[in-house]
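Colleague: Please put the model up, and then I will ask about a few of its elements.

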Amino acid sequence: MEAQVFSVGQYLGLVNQALGQIPSAQVVVEGEVSDFRIAQGKWVSFDLKDEQEEAVLKCFMTKWQLKVEIESGMRVQVIGSPKVYERFGTFKMNVQEVAPVGEGALQQAYQLLKKKLETEGLFDPSRKRGLPRFVERIGLITSRDAAAFGDFLQILNNRWGGVTVSHTHVHVQGREAVKDIVGAFAYFNALPELDRPDVLVLTRGGGGLEDLHAFNDEQVARAVFSSTIPVVCAVGHERDESLADFVADVRASTPSNAAERVVPSRSDVQYEIETMERHMEERITDVVQAHGRVIERATGSISFILERQKERFRAIQERLMVAGEDWLPLIRSELEGVARVLRQVDPKRVLARGYSLVTVDGAVLTDASKVGVGTHVGVQLAAGSFEAEVKSVNGKGQQKLV
Amino acid sequence: MTKKKEVNFAKAFEELEQITQWFDSEENLDLDKGLKQFERGLELAGELKEKLSEVENKVNDIKEKFAV
C-alpha cells in the first residue's frame, strides 16, 4: 500500500477527525488548575495538572462558558473536546464545562494543618507575648539574598540605632528551608540568657503557596510556637498569610513593617522625652510659683504694715507743722519778754550806774558778815576791777599792828 | 558579647516615666523633692537624647550550620 502524502493542514484535519471519535461528553478529566489566566477579559486558559504522573493538559475556553469562579490551585473536573490548533500546532482541550471538586492539594493540606494547629491552640491570642519597648538585640531569620533582608535592615536603620542584629542565613524556600528555619530557632533559644536576642524576626518576601511552603510547614509552626523568645513573623505582602504568621506573637504585614513593629522611631521617642521634660518643667514651675505667691503675700503684708507706719508718721509730722505755725509767734513774744527782763537785770547795766560787785574767790559777796578782816576781795566796777583787803566789818575792825 | 550597656535605654526611659508620673501624683508637691526629681529627670532626658543620636545598628552574621 502506497503511502499517502498530506499537507500539514490536511493531516491535522485528519488528527482532529480522529480525536473527534472520543466520546467527549462521557469523559471527565480531573486535575489541579494552575497558571489560570483570562486574556482580554474573554479568553480563559489554564493548565490542568496531574501531580502523580507529572502530566499537563492545556485547556482553553471562553469567559462565557465559565459558570463558576475558579483559580489556580483548585481541584476541578472538566468536560471538553480535544483539538489540535492548526495555526500553532498546539494540542488543547476546548473546555465546555468546569466544576470544582474541593480545594487543590496544597490548599487543602494548608487548610487542614491550619485547622489542626488552631484547634491545638497554637494561634491562641491569649498566649501572644508583647515585645519589649526598646529592644537591644534582634535575631533575624531570613535569607541574606532576599529583598526582605535589605528592607528590614533599611527600615530598622531609618527608625532606630544602637541595636545588635544577629542574622542567621536560612533558605526561605526549597528543600533546605524547613530544616534551616527550625535550626535557627533552636540556635537562638539555646543561647545563654544574656546573649539571647530580645526578639526573633522570621521574614521573607511574598510568593505563591508553593514558595511559602516552609512558612506553612508544621515543624516551623511548632518551632515558632515553642520559642521562649517572642517572635515577629512577616511574610510578603499585606494579603499573604502563612501558618507561621498565625503562630507568631506579632504578625507583621511586610518585612518593613516587621522593623516598624520591633523598634520605635527616633522622632516619636524624642518627642515623648521632650513632652515629659516639658511636663516636669511645668509642674516644677507651678510649685515654685506657688511658693513665690506665699512669699509675695508675706512681703505684701509687711509692706502694708510699713506703709501704715509711714502714713502715721506723715500725719504726726503734718500735725506738728500745723501746730508749729500756731505756736511760734507766742513762743517768740514770750522769749522777747524774758529777754527784756534779762536785759534789765544785766549786772553790767547796774555797775554802769556806779555800783560795784565784790567777790571772794570768784563768788559774789552779798553779806558783809561772811568775810573776815584781812580777807582779800575782788571789786568789779563798770570799767575795770581791783583787789582790796577788808579792814573792818560792820564797824568792827582789827587794830592795825604797827 | 555583653548585653548590658553603659546606659540602658529601657531602664532610663522607665525611670523618666516614673518621675514624670510622680509630678502628677500629688496636688501639693514638696519643693525640695520636686527640684531633686526635676534635676534627675533632666539628667535622664539628656542621656536618653544622647543615646537617640546613636545611628549605628550592628549586624552579626551567625555562621553556624543548622543541621537537624
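Modeller: Strand E9 (residues 231–235) of chain A is mostly covered, with five of its five residues buried. The model is a predicted one.

Colleague: Which residues of E9(A) point one way, and which the other way?

Modeller: Both groups are buried. Val232(A) and Ala234(A) make up one group. Pointing the other way from E9(A) are Val231(A), Cys233(A) and Val235(A).

Colleague: In E9(A), which residue is the bridge partner of Arg204(A)?

Modeller: E8(A) and E9(A) run parallel and are joined by five bridges. In E9(A), the partner of Arg204(A) is Val235(A).

Colleague: What do the buried residues of H3(A) pack against?

Modeller: Helix H3 (residues 147–159) of chain A has 13 residues and reaches 18 Å from its first C-alpha to its last, close to the 18 Å expected. Its buried residues are Ala148(A), Phe149(A), Asp151(A), Phe152(A), Ile155(A) and Leu156(A). An α-helix has 3.6 residues a turn, so residues three or four places apart point the same way. The buried residues of H3(A) pack against strand E6 (137–142), strand E8 (199–204) and helix H7 (255–262) of chain A.

Colleague: Which are the edge strands of the open sheet that four strands form?

Modeller: The order is E12-E11-E13-E14 (chain A), and the pairing is antiparallel. An edge strand here pairs on one side only, which leaves E12 and strand E14 (385–389) of chain A.

Colleague: Which residue of E12(A) does Thr359(A) stand opposite?

Modeller: E11(A) and E12(A) pair over two bridges in the antiparallel sense. Thr359(A) stands opposite Val364(A).

Colleague: Is Asp361(A) buried or exposed?

Modeller: Asp361(A) lies in the loop between strand E11 (357–360) and strand E12 (363–364) of chain A. Its phi is positive, about 50 degrees, although Asp361(A) is not a glycine. Most residues other than glycine have a negative phi. Because Asp361(A) has 9 C-beta neighbours inside 10 Å, it counts as exposed.

Colleague: How many C-beta neighbours does Asp35(A) have inside 10 Å?

Modeller: Asp35(A) is found in strand E1 (residues 29–39) of chain A. Asp35(A) is not a glycine, yet has a positive phi of about 55 degrees. A residue is exposed if the count is 12 or fewer. Asp35(A) counts as exposed because the number of its C-beta neighbours inside 10 Å is 12.

Methods:
Residues are numbered from 1 along each chain as its sequence is written. Chains are lettered from A and ligands numbered from 1 in the order in which they are written. This is a predicted model: local features need pLDDT of at least 70, side-chain atom pairs count only at pLDDT 80 or more; totals for chains, interfaces and linings use all residues. A residue is buried if 20 or more other C-beta atoms lie within 10 Å of its own, exposed if 12 or fewer, and partly exposed in between; C-beta atoms are placed from the backbone. The expected span of a helix is 1.5 Å times one less than its number of residues. Two residues are in contact if their C-beta atoms, placed from the backbone, lie within 7 Å. Two strands pair if DSSP finds at least two bridges between them.
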